Amino acid sequence: MAKLKILSVVSIAIGLVIIGTIAYSALEGWGLVDSFYFSVTTLTTVGYGDMHPTTATSKLFTSFYALIGVGIMLYALTVLAGQFFNVHHPKILKAIKNVKNRRF
């Protein structure tokens with residue numbers, strides 16, 4: 001069940017990047033690398049500011065793409081982190097306990 005959930009969120013995240021790459025290539029006339037780069041920096045909220053949408057259509061697309069995509073990316077990160085914590089839970093708790101018991 002967990003593997004299916006992880007596969008689902010990773011597939012959706014990859015799909016979002018592909019949709020953004022194709023959309024920006026068509027709307028802005030950017031190459032695939034620039035479109036991919038802008039899609040990833042938008043979805044990860046990095047936004048370096050070196051590229052930005054210039055047409056009204058691409059600005060509207062970016063608004064909805066960011067609103068929907070950032071939420072989905074955060075959910076995907078939550079699922080992946082939750083799975084990581086479930087797998088490594090005993091090790092993490094032991095490490096936390098060791099840190100708490102240290103005297104400086």
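This is a predicted model: local features need pLDDT of at least 70, side-chain atom pairs count only at pLDDT 80 or more; totals for chains, interfaces and linings use all residues.
Trainee: What is the average pLDDT of the chain?

Mentor: The average is 90, and 97% of the residues score at least 70.

Trainee: Why is Ser35 called buried?

Mentor: Buried means under 20% relative accessible area, exposed over 50%, and partly exposed in between (1.4 Å probe, protein chains only). Ser35 has 0% relative accessibility, so it counts as buried. This serine sits in helix 2 (residues 32-43). Leaving aside neighbours within four places in sequence, Ser35 is in contact (heavy atoms within 4.5 Å) with Thr21, Tyr24, Ser25 and Trp30.

Trainee: What makes Tyr24 and Phe38 an edge-to-face pair?

Mentor: Rings of Phe, Tyr and Trp (its six-membered ring) pair if their centres lie within 6.5 Å; planes under 30 degrees apart count as stacked, over 60 as edge-to-face and the rest as tilted. By this rule there are seven aromatic pairs. For Tyr24 and Phe38 the centres are 4.8 Å apart and the planes stand at 85°, so the pair is edge-to-face. The pair links distant parts of the chain, with Tyr24 in helix 1 and Phe38 in helix 2, 14 residues apart.

Trainee: Which label does the pair of Trp30 and Phe38 get?

Mentor: Edge-to-face again: the Trp30 and Phe38 rings are 5.2 Å centre to centre, with 70° between the planes. Ring pairs link Tyr24, Trp30, Phe38, Phe61 and Tyr65 into a cluster.

Trainee: How do you know whether Trp30 is buried or exposed?

Mentor: Its relative accessibility is 16%, so Trp30 counts as buried. Phe38, at 7%, is buried by that cut-off too.

Trainee: What makes Val10 part of a surface patch?

Mentor: Like charges are joined within 9 Å, and nonpolar side chains (Val, Leu, Ile, Met, Phe, Trp, Tyr) within 5 Å. Val10 has a relative accessible area of 33%, so it is partly exposed. Val10, Ile14, Ile18, Ile22 and Leu80 form a nonpolar patch with about 420 Å² of accessible area together, taken from the Shrake-Rupley method with a 1.4 Å probe, where for residues only the protein chains shown count as cover. Helix 1 (residues 2-28) gives the most to the patch, with four residues.

Trainee: Why is Tyr75 called partly exposed?

Mentor: Tyr75 has 44% relative accessibility, so it counts as partly exposed. Tyr75 belongs to helix 3 and touches Lys5 and Val9, not counting residues up to four places away in sequence. From Tyr75 to Val9 there are 66 residues in sequence and 7.9 Å in space, C-alpha to C-alpha.

Trainee: And what makes Thr45 worth a look?

Mentor: Most residues other than glycine have a negative phi. Thr45 has a positive phi of about 60° although it is not a glycine. It is found in the loop between helix 2 and helix 3. With 56% relative accessibility, Thr45 counts as exposed.

Technical notes:
Residues are numbered from 1 along each chain as its sequence is written. Side-chain values use heavy atoms; hydrogens and water are left out. Patches are made of residues with over 30% relative accessible area and no salt bridge: like charges are joined within 9 Å, nonpolar side chains (Val, Leu, Ile, Met, Phe, Trp, Tyr) within 5 Å. A salt bridge is a side-chain nitrogen of Lys or Arg within 4 Å of a carboxyl oxygen of Asp or Glu. Helices (H or I, at least four residues) and strands (E, at least two) are DSSP runs, numbered from the N terminus. pLDDT is the predictor's confidence in each residue, from 0 to 100.
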